[in-house]
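Please read it with the coordinates open.

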Protein chains: 2
Amino acid sequence: MATTTVLVLDAAPPTPPPRLGSLTGRARILHTDEAGLAARLPLADVLLVWDFASDAVRRAWPGEGSRPRWVHTASAGVDHLMCPELAACDTVVTNARGVFDEPIAEYVAALVLALAKDLPRTLELQRERSWRHRESRRVAGTRACVVGSGPIGRAVARTLKALGVTTALVGRAPRPGVHGAEELDRLLARADWVVCAAPLTDDTRGMFDARRFGVMQPSAHFINIGRGPLVVEDDLVAALSKRWIAGAALDVFAHEPLPGDSPLWAAPGLLVSPHMSGDTVGWRDELGAQFIELYEAWAAGRPLRNVVDKERGYVPGH
Amino acid sequence: MATTTVLVLDAAPPTPPPRLGSLTGRARILHTDEAGLAARLPLADVLLVWDFASDAVRRAWPGEGSRPRWVHTASAGVDHLMCPELAACDTVVTNARGVFDEPIAEYVAALVLALAKDLPRTLELQRERSWRHRESRRVAGTRACVVGSGPIGRAVARTLKALGVTTALVGRAPRPGVHGAEELDRLLARADWVVCAAPLTDDTRGMFDARRFGVMQPSAHFINIGRGPLVVEDDLVAALSKRWIAGAALDVFAHEPLPGDSPLWAAPGLLVSPHMSGDTVGWRDELGAQFIELYEAWAAGRPLRNVVDKERGYVPGH
């Protein structure tokens, strides 16, 4: 039996490579950076996209000839690697579904509570050594609309419900416990918190635009932990400036890292964080362990979990 | 029947007086500020301490002669009004037990999540337009020790448990679901989050001192939403400076408003907020409505809820 070759698209230092020691003797591990990817792809049976922010796979994927039979990305979204050639071929694509759900849900809860309790202003006043009592908002009894009914959206909904928030989940198509996309505007119009946890696909790109911010309540807050291009960023800045909505928090952006001259850094009522919502201590080890687990199934010819529907751009189903 | 006189110790503007319109025709309502309190106390059957931050009652309470038969304070703590003369006489004291429980629990959850997710640093980096990804902490699976087993402490424990935090409640004496004070140090030593929700009494004053901060883990965070003097503030500043603990958040202080030159404003890893944890939109209306409800019972000769044990300094029982 020929040895399997696993090619790892490494992330730039200081990010450590994945711990693949348990594959020793069973697979040949090759490492590459973005520049070397195209030359090495034809040698690989398996590609592990460890540098999940890279779009090098999309750029380097061979239109024909030898290529990996399986691509795994250490991320929930696959938007950065999908391309027509990858979608059309018989290569299986899997993602890191499951690793980020609960951490991201906690992060969203942190944002909702911080915004309700006016924590950003409290920290500002502390810097000024200024004692200014304010009334803050209850979270229990408010309404959230969580857009994206995958495991992340569902974890967000569970956590918000545990805090007493009435939460509606919106997916592409209706199913038990999930509203279909045709109900989105109605639900946005009554939400205190709009949380975007959708995958980035051709259907969802730019879905949060001026019209949708216009539908929301002036007291509403918008939170995006999905992907940057789900939001028309200029429209969000305008909506905040005109007070169409009360505030927002973005963890993801069309261009990451966010350029220093972006108007988003200083948009009124906008909290900016550096794509960290799912990244809790130990997350890289979990991502590595998840790949090993999938590898065991793949090598044994067992069915793979987390298989992405390459046309839709996410793992379908519950 | 003689008309009942209700004396209201008003708060300074801009705080509005309580809405007591529903007592019209049944009670004579007198208003006073701190300066006029001593002269008016002998005229009153009932005293409503609306200015709950004032210690004027303690200073003005008559040692003998005519005095109110019932004092209600629009606060959970009674430390600011209790004095030996009030404790010794037959005047009934009630508090605002119940109004603040859930709001404060949400506030504590906001602090725990904000500290776990490093939100203060994120806001600092945003001001500098600096993109700096960090790993943050999971909240689920951590341990909290909530000191104070009254309704506020119990609400805090419930909310933290809903977020997956293993939570121990500590009261004066052990009872089902509550650890006794003799277990405090053992529980502090293993807690990731120490939340102080205790009443201020002779037993609890200064309970969080250098020794207790020394018992905590270097990774622990301390949160006080009880009363300022429960903490030896200099010891907390020293503990933070020496990194005995990882961080803290104080909503209450020995001197309020916190003076501009207090070292607490700039202590490393300390979040300062202006005694606002329980004050959500509508809270003053709730406090007024609660007094009316108690008044109806008192006027009808029915038993009063929220009766403070004047020796202990809080409402005992479950």
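This is a predicted model: local features need pLDDT of at least 70, side-chain atom pairs count only at pLDDT 80 or more; totals for chains, interfaces and linings use all residues.

1. A:His275 sits in the loop that runs between E11 and H10 of chain A. Its phi is near 40°, a positive value in a residue other than glycine.

2. Two cis peptide bonds deserve a look. In chain A, the bond from A:Glu256 to A:Pro257 is cis, with omega near -5°. A:Pro257 belongs to the loop between strand E10 (247–250) and E11 of chain A. In chain B, the bond from B:Pro13 to B:Pro14 is cis, and omega there is near 10°. B:Pro14 is placed in the loop between strand E1 (4–9) and strand E2 (27–32) of chain B.

3. Which two domains make up chain A? The division gives domain 1 as 4–99 + 281–299 and domain 2 as 101–272. The C-alpha centres of the two domains of chain A lie 31 Å apart, and the contact takes 7 residues from domain 1 and 7 residues from domain 2.

4. Between domain 1 and domain 2 of chain A, the buried area is about 520 Å². Carbon and sulfur atoms give 46% of that area. The count between these domains is 1 salt bridge and 1 residue pair in polar contact, with both residues at pLDDT 80 or more. By class, the side of domain 1 that touches domain 2 in chain A has 2 nonpolar, 3 polar and 2 charged residues. Within chain A, A:Asp79 forms a salt bridge with A:Arg227, and their closest N and O atoms are 2.9 Å apart.

5. How are chain A and chain B related? Chain A can be laid on chain B by a turn of 180° and a shift of 0.0 Å along the axis, with an RMSD of 0.0 Å. That is the relation of a two-fold axis. The same surface serves both copies, in that 100% of the contact residues of chain A recur in chain B.

6. The contact between the chains involves 54 residues of chain A and 54 residues of chain B. About 4,700 Å² is buried between chain A and chain B, and carbon and sulfur atoms give 65% of this. In chain A, the residues that lose the most area to chain B are A:Arg129, A:Trp131 and A:Trp265, which together make up 18% of what that side buries.

7. Polar pairing across the interface of chain A and chain B comes to 4 salt bridges and 26 residue pairs in polar contact, both residues being at pLDDT 80 or more. The elements of chain A that give two or more residues to the side touching chain B are helix H4 (101–116), helix H5 (119–127), helix H6 (151–162) and strand E11 (270–272). H4(A) provides the largest share of that side, 9 residues. By class, the side of chain A that touches chain B has 29 nonpolar, 12 polar and 13 charged residues.

8. One salt bridge can be checked directly in the coordinates: the side chains of B:Glu106 and A:Arg138 meet at 3.3 Å, N to O. Side chains of opposite charge can pair when their charged atoms come close.

Note on methods: Residues are numbered from 1 along each chain as its sequence is written. Chains are lettered from A and ligands numbered from 1 in the order in which they are written. Side-chain values use heavy atoms; hydrogens and water are left out. Contact means heavy atoms within 4.5 Å. Buried area is the accessible area (1.4 Å probe) that two parts lose on being put together, summed over both. A polar contact is a pair of N or O atoms within 3.5 Å; within protein, one must be able to donate a hydrogen and the other to accept it, and residues adjacent in sequence count only if both atoms are side-chain atoms. Helices (H or I, at least four residues) and strands (E, at least two) are DSSP runs, numbered from the N terminus. Ala, Val, Leu, Ile, Met, Phe, Trp, Tyr, Cys and Pro count as nonpolar, Asp, Glu, Lys and Arg as charged, and the others, Gly among them, as polar. Domain bounds come from an automatic or database domain assignment. Copies are superposed by least squares on the C-alpha atoms of residues with pLDDT of at least 70 in both.
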